[in-house]
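This briefing sets out computed features of a multi-chain model for use alongside its sequence and coordinates.

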Amino acid sequence: MKNNKLFKYLSTTPVIIYSISLILIPLLYILFLSFLTNDAYGGVEYKFTLSNYLTVFDYTYLKILFKSSLIALITTLICIIISYPFSIFLMDKSEKTRNFLIKMVMIPFLTNSLIRTYGWIVILRKNGVINTFLTSTNIIKNPLSLMYNSFGIIIGMVYTLLPFMILPIYSSVSKIDRSLIEAAKDLGASKWQVFKNIYLPLTISGLFNGSLMVFIPAIGYFFISDILGGGKIMIIGNLIKNQFLTARNWPLGSALSIFLIIITFILIRIYKKIGGNMDDLGGM
Amino acid sequence: MNENVLVSLKNITKKYGDKTIINNISLDIYEGEFLTLLGPSGCGKTTILRTISGLEELTKGEIYIDGVNVTNVDPTLREVNTIFQSFALFPHMTVWDNINFGLKMKKIAKEEATKRIKDAIKLVKLEGFEDRYPPQLSGGQQQRVAIARGIVMKHKVLLLDESLCSLDLKLKREMQIELKKLQKQLGMTFIYVTHDQDEALTMSDRIAIINKGKIEQLDTPKNIYRYPKTAFIADFIGESNIFNIEIKETTDKYALAKINEDNSLKILNNNYKVGDKLKILLRPETFELKKEYVRNSIKGIVKNYVYDGQITKLEVEVNKGLVLKVNINDADICSKDDTVYLRVPEEKVVIIGEQNEE
Amino acid sequence: MKKNKLRRNIFIISVFVFLYLPIFILVIYSFNASKMNIVFTHFTFKWYKELLSNTTLIEAFRNTIIIAVTSTVISTILGTISAVGLNKYDFKGKNFINSLIYIPIVIPEIVLGISLLSVYTLFHLELGITSIIIAHITFSIPYVITSVRSTLNALSKDIEEASYDLGANKWNTFRYVTLPLIMPGVISGATLAFTLSMDDVVISYFTAGPGSNTLPLNIYSMIKTGITPDVNALSTLMLLVVVIVLTSSAVIQSRRIQKRELLR
C-alpha cells in the first residue's frame, strides 16, 4: 500500500514525541537531579552525590514516610470495606438501576476535589455542621476535634478516592456468574464463606486495581493533609512539595519522588503478576 | 462460460515468517465462471482469496486480473469485491448507505448511483429495507446487503469468503440456489471459498481442492466426485470406502484385485502388473446388495443398519479391519447379522493410487 | 429476608449520603444569607451577585475553563490519532512507548507535577496558562488513548478491510468507517479529559506561574486566609458546568446507541 507509510508516520509520530518529551525526559531529569548537590541559594551544583538518598532514610523523614504510608493504608482498607458490600448489595438491583447508581457514584468526583475538600471543612470544623448539630441538641457539651488531625485527613482521603475503589470492584463483582453464589449458598456456605471463597478470589485483580489507584494518590495528595490536617501532619506529598517550593532543595525532592516511583513500579509489577490489565487502571 | 481467462494466479506463494500458507499455486479462472476453492480449515483457501483482493500481499508470484498485473496494486484500486464471512457491513450506515459506499468512494454520479443501487436492491430482493440499519436485519438479509454492496460496483469478479456458513441449513440451501442464479444472470466471475463439500458440489462450475497450501485437484464437481485423484479428496468429498488391494491376474481388458483371502474383485485393467499394490475407492452407493452369491461380489456381515427415510445406510464387515459403508434404496432386503453379497460393477471401481503414496 | 434487604438499602443510601454531603452543603450555603455558614437564615442570591463583582474569582474561573477546553481538544485529537497508530502499526520500541503511556495514569500526580516543573525550568519555559495546558495534555492523553483503544479493539478487522475493498483509501476509511465507529470511545475519552482537567489541583499547583490564576489555586489560597461565601456560589456554578457536560455527553452517546439499535 502506497500511502500506508504516510499514515503510519502521521499516526505514530505524535505519540512517540509526546511520550518521550513529556513523560520520559522529565522523569529522567528528576532521576538526574536526585544525584546532584543542593547549593545554599536553592539552586543545584553539578556535583554527584548519594547524600539525598541517605537523607530519605534519616529518622525524621522515615517517620513521615511511615506515617504517610499508614494513613494511605488505612484509607485503602476503609475504601475496600465500603466498596465490597456496596458492590455486592448493588447486584440485587436491575441492570438499569445499577448503571444509574454507578453514574451517580462518579458525578461528585468530576467536580473539583479542592472544592469538595473545602465542603468537608464546613462539615467538620469546630463550629461546623456536625458539631453545631451535636451541641445544639445537647448530645455533647464541647465540640469534637474532627479535623486538623489524622482523622480529618483520612476522611478527606477516603472521600476523594472512594470511586477509584468502587468502580473496579463493582466491575469485577458484576462479572461473577450469579449462579455460582446461589450454588454456594445452596451448599450451605455462610455469608463470610461465600465472600472468602467466591467473591474474593474472583475479584482479586479488581481489588488490586482499586488499591493501587487509592494507595498511590493517598501518599501524594498534599492538599488534603494541608487543608484537613491543618499543616500539622505531613505526608510524603507535603514533603516533596516543600522541597520544591519552600525549602528549595530540588535534589532531595527529586530523590523522594524517585522513591515514590519505585514503590509505584513495584505495586504495578505485582498487579500485572496477578493478571491485572493495564488498560483497566484508572478507567472511569 | 467462455474461454477468456479473467483472473490468473502465477506461481503465487505466501509465507508468514517460515510458515508457508500458499505454496506455489498457479490457477486460471475464466470469465463468467463459478469457481470454488474447497478445503479444510487452515488449508490456505481464504488467504488465496485475500491475495486476489489485495488485502494480503504476496511473498512471491504474480496475479493478473483482466490481463493487468495487479500484484502490487492497492486493494482500494483493484477491480474486485469481497463478500466477507462476517458480512462486514457498516453498522452505522443504513442499507442504502452501505450499498452506496463503494459508489461514493469511486465518485459515481448521483443519478447513475441511485439507479444502480435500486437495481441491486431489487436483484437481492431487499426492497423496503433501504432505511434499516444492519443490526436490525436477519442473517439472511445481512447476507443480501453484503452481496448487493459487492455487485453494485459492477466489477467482473466477486470474491466470496465462506459467505453462507453462518446461515442455518434451510436458508443456506435457498441462498445456494439464489447465488448461483444471480451469478449466471450477471455473468460475473464468482470465486467462492468454502469448507462445505455439498455447497461446492451444488454451485460450482469447477472446484479447486486446496490442501496444505497446494491445489490437489482442479476439475468439474462431477469429475471430482467420480474420479478423485487422491485418498484425501475422496475422503473429503462425499462418503467413501478406501482400502488396499493387490493385483493377482491380468488380461487385456480386466485385472483381478485381491481384497483378502475370501474376496476378489474384477476391475478394468490399466496397465497393471501382477503384484501391484493399489488403493481403491468404492462409493457407498455403488454396491448392489444380494442375499445369495453372485459373481464379482464381496461377502460380508451386516453390522449396523440405519434407515433414514430415503436410503438405508449399512455397515458391512468384510473382515476384521475392513468395514464398508453401503447405501441402498430398498429398506427391507436384509437385517442385522445377515450375510450379504455386495456386487460391484467393474467400471465403478476407482483406483486412486499406489499404497505407499500418502 | 425483607429485613436483610432493608439493611442493604440503608447501606447503599448511606454511601450516597457520604458522597453527596459536602456538595449538598456547599450548594445550600451558596443560597444562605448568613455569612457564617452555620445556620441557614434565609434564601438569597446575594453571593452570586457578589461573585460577579469579584474579578479575581471570575478571571480564575475563566482561566480554568480555557485550560480545560484547550487541553481537552488537543488531547482528544492527539490521543485518538495515537490510539489508532498504536493499534494498527508495529514499529521499533512500540512496547516501550506503550509502557511509557501508562506512567501518567499510575504515578502520583505530585511526581508528574514536579518533573514537569523541573523541565520547564530547565528549558526556561515561562510558567503560566500555556505551561498548565501542556501539563494537562500530558496527563489526559493516556486516558484518551486507553478509552479509544478499548473501542478499537472491539472493532472487527473485516469492517475496515471491506472499506478498502470497496475502493476507499486510508483517509476515507478512517473518516467514514473507523472514526464513527470508535466515536463512543472518543467521546468518553474527551469527557474524562475535561473533568480531569477541571478537577486537577496537584499538577496545576506546580506548573502555574505567579500570573496564572486558576480556580483551584485561588481557592487553595483562600482556604488558608479565609473563604468568602461567594466561593460557595462559584463551586455551585462549577458543579453545574460539569453536570451539563456529563449529561450532554450521556445524551449524545444514548442517541447514537438508540439510532443504531432502534428496533432491536
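In chain B, the C-alpha centres of domain 1 and domain 2 lie 40 Å apart; the domain bounds come from an automatic or database domain assignment. The model is predicted, so local features need pLDDT of at least 70 and side-chain atom pairs count only at pLDDT 80 or more, while totals for chains, interfaces and linings use all residues. Residues are numbered from 1 along each chain as its sequence is written, and chains are lettered from A and ligands numbered from 1 in the order in which they are written.

**Domains of chain B**

- Domain 1 of chain B covers residues 5-236, and domain 2 of chain B covers 241-354.
- Seven residues of domain 1 of chain B meet six residues of domain 2 of chain B, where a contact requires C-beta atoms, placed from the backbone, to lie within 7 Å.
- The side of domain 1 of chain B that touches domain 2 of chain B comprises four nonpolar, one polar and two charged residues. In this classification Ala, Val, Leu, Ile, Met, Phe, Trp, Tyr, Cys and Pro are nonpolar, Asp, Glu, Lys and Arg are charged, and the others, Gly among them, are polar.

**Contact of chain B with chain C**

- Chain B places 20 residues in contact with 20 residues of chain C.
- On the side of chain B that touches chain C, β6 (80-83) and α2 (95-105) of chain B each supply at least two residues. Helices (H or I, at least four residues) and strands (E, at least two) are DSSP runs, numbered from the N terminus.
- The element that gives the most to this side of chain B is α2(B), with three residues.
- This side of chain B has 10 nonpolar, eight polar and two charged residues.

**Backbone of chain B**

- Most residues other than glycine have a negative phi.
- B:Phe87, which is not a glycine, has a positive phi of about 75° and sits in the loop between β6 and α2 of chain B.
- B:Phe87 is buried because 22 other C-beta atoms lie within 10 Å. The term buried applies at 20 or more other C-beta atoms within 10 Å, exposed at 12 or fewer, and partly exposed in between, with C-beta atoms placed from the backbone.
- B:Lys125 also has a positive phi, near 60°, and is placed in the loop between α3 (110-123) and α4 (139-151) of chain B.
- B:Lys125 counts as exposed because it has 12 C-beta neighbours inside 10 Å.

**Chain A as a whole**

- Chain A contains 13 helices and two strands, and its C-alpha trace spans about 75 × 70 × 35 Å along the principal axes.
- Of the 284 residues of chain A, 43% are classed as buried.
- Among contacts in chain A with a separation of 6 or more, 71% join residues 24 or more positions apart.

**Contact of chain A with chain C**

- The contact takes 69 residues from chain A and 69 residues from chain C.
- Helix α1 (residues 4-33) of chain A gives the most to the side of chain A that touches chain C, supplying 18 residues.
- That side of chain A divides into 47 nonpolar, 17 polar and five charged residues.
- A:Gly220 belongs to helix α10 (residues 204-220) of chain A and counts as buried because it has 27 C-beta neighbours inside 10 Å.
- Not counting residues up to four places away in sequence, A:Gly220 touches A:Ile236, A:Gly237, A:Leu260, C:Pro108, C:Glu109 and C:Ile110.

**Helix packing**

- The axes of α1(A) and helix α4 (residues 94-106) of chain C come within 10 Å and cross at roughly 50°. Axes are lines fitted to C-alpha atoms, for helices over the stretch in contact, and angles run from 0 to 180 degrees between N-to-C directions.
- The helices α1(A) and α4(C) are therefore oblique to each other; angles under 35 degrees count as roughly parallel, over 145 as roughly antiparallel, 65 to 115 as roughly perpendicular and the rest as oblique.
- Residues making this contact include A:Val15 and A:Ile16 of α1(A) and C:Ile97 and C:Leu100 of α4(C).
- The contact of α1(A) with α4(C) has nine nonpolar residues, one polar and no charged.
- Within chain C, α4(C) and helix α6 (residues 129-154) pack at an angle of about 115°, with their axes 8 Å apart, which makes α4(C) roughly perpendicular to α6(C).
- The contact of α4(C) with α6(C) has eight nonpolar, one polar and no charged residues.

Methods:
Contact = placed C-beta atoms within 7 Å.
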